[in-house]
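Student: I'd like to learn how to read a structure like this one. Can we go through it together?

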Amino acid sequence: QVQLVESGGGLVQAGGSLRLSCAASGRTFSTSVMNWFRQAPGKEREFVAAISWSSGNTYYADSVKGRFTISRDNAKNMVYLQMNSLKPEDTAVYYCNAVPKLAASGGFWGQGTQVTVSS
């Protein structure tokens, strides 16, 4: 099992920034990719960004490319999502997800953290 705990959400004005954190514990060696997803009210959960634990390679949804940056600290088993130039449409619950390989479904999920961007 892998436990994931997100933090760092909150209320911010449009154009502002937030940094989300995801703390991973347990059998983290069983996962090689960490994802961030988000789900807005009434919408399906969508992919935001991904990072490989080993290579550090990163991947982004087009909607956040150039504004969001995913990073990781292997020593601390932490993954971060730096979100800049936030827009009201970024409002959602953000989830951390650990999977065994890129683009894999399922895996382990955190409880989510709310991000609200006011206009």
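Student: Which residues does Cys 96 touch, not counting residues up to four places away in sequence?

Tutor: A quick word on the ground rules: this is a predicted model, where local features need pLDDT of at least 70, side-chain atom pairs count only at pLDDT 80 or more, and totals for chains, interfaces and linings use all residues. Residues are numbered from 1 along each chain as its sequence is written, and side-chain values use heavy atoms, with hydrogens and water left out. Now, a contact means heavy atoms within 4.5 Å. Here Cys 96 touches Leu 4, Glu 6, Cys 22, Met 34, Asn 35, Trp 36, Phe 108, Trp 109 and Gly 110.

Student: Is Cys 96 buried or exposed?

Tutor: Buried means under 20% relative accessible area, exposed over 50%, and partly exposed in between (1.4 Å probe, protein chains only). Cys 96 has a relative accessible area of 0%, so it's buried. Across the chain, 42% of the 119 residues count as buried.

Student: Which strand holds Cys 96, and how many strands are there?

Tutor: Strands (E, at least two residues) and helices (H or I, at least four) are DSSP runs, numbered from the N terminus. Cys 96 sits in strand β9, residues 92-99. The chain has 11 strands and zero helices. With a radius of gyration of 13 Å, close to the 14 Å that the globule rule gives for 119 residues, the chain is as compact as a globular protein of that length. That radius is taken over C-alpha atoms, and the rule is 2.2 Å times the number of residues to the power 0.38.

Student: What share of contacts with a separation of 6 or more comes from residues 24 or more positions apart?

Tutor: In this chain, 53%.

Student: How many aromatic pairs does a search of the whole structure find?

Tutor: Rings of Phe, Tyr and Trp (its six-membered ring) pair if their centres lie within 6.5 Å; planes under 30 degrees apart are stacked, over 60 edge-to-face, and the rest tilted. The search finds three pairs. One of them, Phe 37 with Phe 47, is edge-to-face, at 5.8 Å centre to centre and 80 degrees between the planes.

Student: Why does that pair tie together parts that are 10 residues apart in sequence?

Tutor: Because Phe 37 lies in strand β4 (residues 33-39) and Phe 47 in strand β5 (residues 46-52). Phe 37 counts as buried at 17% relative accessibility, while Phe 47, at 29%, counts as partly exposed.
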